[in-house]
Amino acid sequence: MMCQSEARRGPELRAAKWLHFPQLALRRRLGQLSCMSRPALKLRSWPLTVLYYLLPFGALRPLSRVGWRPVSRVALYKSVPTRLLSRAWGRLNQVELPHWLRRPVYSLYIWTFGVNMKEAAVEDLHHYRNLSEFFRRKLKPQARPVCGLHSVISPSDGRILNFGQVKNCEVEQVKGVTYSLESFLGPRTCTEDLPFPPATSCDSFKDQLVTREGNELYHCVIYLAPGDYHCFHSPTDWTVSHRRHFPGSLMSVNPGMARWIKELFCHNERVVLTGDWKHGFFSLTAVGATNVGSIRIYFDRDLHTNSPRHSKGSYNDFSFVTHTNREGVPMRKGEHLGEFNLGSTIVLIFEAPKDFNFQLKTGQKIRFGEALGSL
């Protein structure tokens, strides 16, 4: 009987060994991977991760039984060379299109993103020699009347992602997803011309920005879609005294991505302009995005964005306050301030009295010149 049972179990044991062989081989291979350096390990596991998310659900589940874990979707997206892609896209935008090709190419873009060319200063599509000129098209003077009754206006066309008071040194990029105020604006420096008051060791970063007693800190996030007007303007009468450039990543900043990646705006390349207005501290930050490596500030010729090399977490400071100019760069409400090469995000962070009220709704469309809020 024992011999018969063993004879019957023979094929089952051989089948079990055959089934376990791939897992044993995978364990051995993963053991070799664990001895590799972290960059090499990331490189070797990246193709498996791509297959894990592309193949039907559960197709690579056996890998999890032998200790392999896929890179998260966020980490996978961060590994995409968005800066390189954005530079390549920028080069492509500069290529002059043949005269006969301009109308079909621009018409396709207009149809895809809902661009209103009736507002453009030049409606003739043949006038724009390349995509870059088309993206940076100017508007007719009467297309965006500037509201004079409210203290703060929208600096650009776009969609309101979030607004309100800054609480606990955290700012909401979209509802429920926050980022650190200090990480976004950068740490304080000892430069005398920065528009910050003297700080004590017990002050929070938010308290260091508020210069007047009884004031609060407010924020407003405006997302510019690819079809929106790409220039941005001064949202109020203020003086720009300092510029800080963070040469970071260039991930997409659309609302869906903003809900997905925490502190997205702190990872991306951005230009922070700080100064003061009649109620104290005021800042405007232009946040770059995929294919939007080019951020231009009209009065700042020394600014160069999306450079090939940069150190992670680094930033560059530049002061507009000099021995000959003690005040900085004065900006009038509605005055041209800068431009993006494609859609992106504008973040306003400013100090105002407690009775400041936003006249907005989350998700609403807004145009340059319309009111954001007033006292």
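**Behind the labels**

Modeller: D157 has 5% relative accessibility and so counts as buried. Before we go on, this is a predicted model, where local features need pLDDT of at least 70 and side-chain atom pairs count only at pLDDT 80 or more, while totals for chains, interfaces and linings use all residues. Residues are numbered from 1 along each chain as its sequence is written, and side-chain values use heavy atoms, with hydrogens and water left out.

Biologist: Why is D157 called buried?

Modeller: Buried means under 20% relative accessible area, exposed over 50%, and partly exposed in between, with a 1.4 Å probe and protein chains only. D157 comes out at 5%, so it is buried.

Biologist: What makes the pair D157 and R144 a polar contact?

Modeller: The term needs a pair of N or O atoms within 3.5 Å; within protein, one must be able to donate a hydrogen and the other to accept it, and residues adjacent in sequence count only if both atoms are side-chain atoms. The side chains of D157 and R144 are at 2.5 Å, so the pair qualifies.

Biologist: Where does the "active site" label come from, and which residues does it cover?

Modeller: It comes from an unreviewed UniProt entry and covers D157, H233 and S344. They are spread over 188 residues of sequence but cluster in space, with a largest C-alpha distance of 14.2 Å. UniProt positions are given in the numbering used here, feature names are shortened, and annotations may be inferred rather than shown by experiment.

Biologist: Is H233 buried or exposed, and how do you know?

Modeller: Its relative accessible area is 2%, so H233 is buried under that cut-off. Contact means heavy atoms within 4.5 Å, and, leaving aside neighbours within four places in sequence, H233 has contacts including P155, L284 and F368.

Biologist: H233 is in strand β6 (residues 231–233). What makes β6 an edge strand?

Modeller: Strands (E, at least two residues) and helices (H or I, at least four) are DSSP runs, numbered from the N terminus. Two strands pair if DSSP finds at least two bridges between them. The open sheet has 3 strands in the order β6-β13-β10, with antiparallel pairing. β6 and β10 (295–297) each have a single partner strand, so one side of each has no neighbour in the sheet.

Biologist: How do you know that β10 pairs with β13?

Modeller: 3 bridges join β10 to β13 (residues 336–340), and the definition asks for at least two, so they pair. I297 stands opposite G338 in β13.
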